[in-house]
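Trainee: I have a fold on screen. Please show me how to read it, one feature at a time.

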Amino acid sequence: MELKPGDLVVFTGFPEARKGELREVAEARGLVVWPAVKRGVAAVIAQDPGSGSGKARKAREYGIPVVGEGVLP
């Protein structure tokens, strides 16, 4: 999956320190980090893409991909 500047992304399952690091990487790429899943989010970036977390479940209901942090270089 390729994310492009302006895409909304949501993080789930990461410790706060790691989430902060990933936020910096995402924002440097022009991505917009959103706190919750909603229609229009391009991807949920999860520590465990197979997670059954609330955010991951809701993303799947909306057809939003749940991917690992490898999507961010």
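**Reading the fold**

Mentor: Keep in mind that this is a predicted model. A search of the whole structure finds one aromatic pair.

Trainee: Which geometry do the rings of Phe11 and Phe14 have, stacked or edge-to-face?

Mentor: Planes over 60 degrees apart count as edge-to-face. The planes of Phe11 and Phe14 stand at 80°, with ring centres 6.1 Å apart, so the pair is edge-to-face. Both Phe11 and Phe14 are buried.

Trainee: Where does the charged end of Arg39 sit?

Mentor: Over the ring of Tyr62, 4.2 Å from the ring centre.

Trainee: Now the sheet. What is the order of the four strands?

Mentor: Strands of a sheet pair through backbone hydrogen bonds, either parallel or antiparallel. Here the sheet is open, its order is 2-1-3-4, and the pairing is parallel. Strand 2 (32–33) and strand 4 (66–67) each have a single partner strand, so one side of each lacks a neighbour in the sheet. Strand 3, residues 41–46, joins strand 4 over two bridges. Ile45 has Val67 as its bridge partner in strand 4.

Trainee: Which strands does helix 1 lie across?

Mentor: Strand 1 (8–12) and strand 2. Helix 1, residues 16–28, runs at about 165° to strand 1.

Trainee: Which residues have the most contacts inside the largest nonpolar core?

Mentor: Leu3, Phe11, Ile45 and Leu72, in a core of 14 residues. Strand 3 gives this core its largest share, three residues. Beyond its neighbours within four places in sequence, Leu72 contacts several residues, including Phe11, Leu22, Val25 and Ile45. Another core, of 10 residues, lies apart; Val41, Ala46, Ala56 and Ile64 are among them.

Methods: Residues are numbered from 1 along each chain as its sequence is written. This is a predicted model: local features need pLDDT of at least 70, side-chain atom pairs count only at pLDDT 80 or more; totals for chains, interfaces and linings use all residues. Side-chain values use heavy atoms; hydrogens and water are left out. Two strands pair if DSSP finds at least two bridges between them. Contact means heavy atoms within 4.5 Å. Axes are lines fitted to C-alpha atoms, for helices over the stretch in contact, and angles run from 0 to 180 degrees between N-to-C directions. Rings of Phe, Tyr and Trp (its six-membered ring) pair if their centres lie within 6.5 Å; planes under 30 degrees apart count as stacked, over 60 as edge-to-face and the rest as tilted. Buried means under 20% relative accessible area, exposed over 50%, partly exposed in between (1.4 Å probe, protein chains only). A charge sits over a ring if NZ of Lys or CZ of Arg is within 6 Å of the ring centre and within 35 degrees of the ring normal. A nonpolar core is a set of buried Ala, Val, Leu, Ile, Met, Phe, Trp, Tyr and Cys residues joined through side-chain atoms within 4.5 Å.
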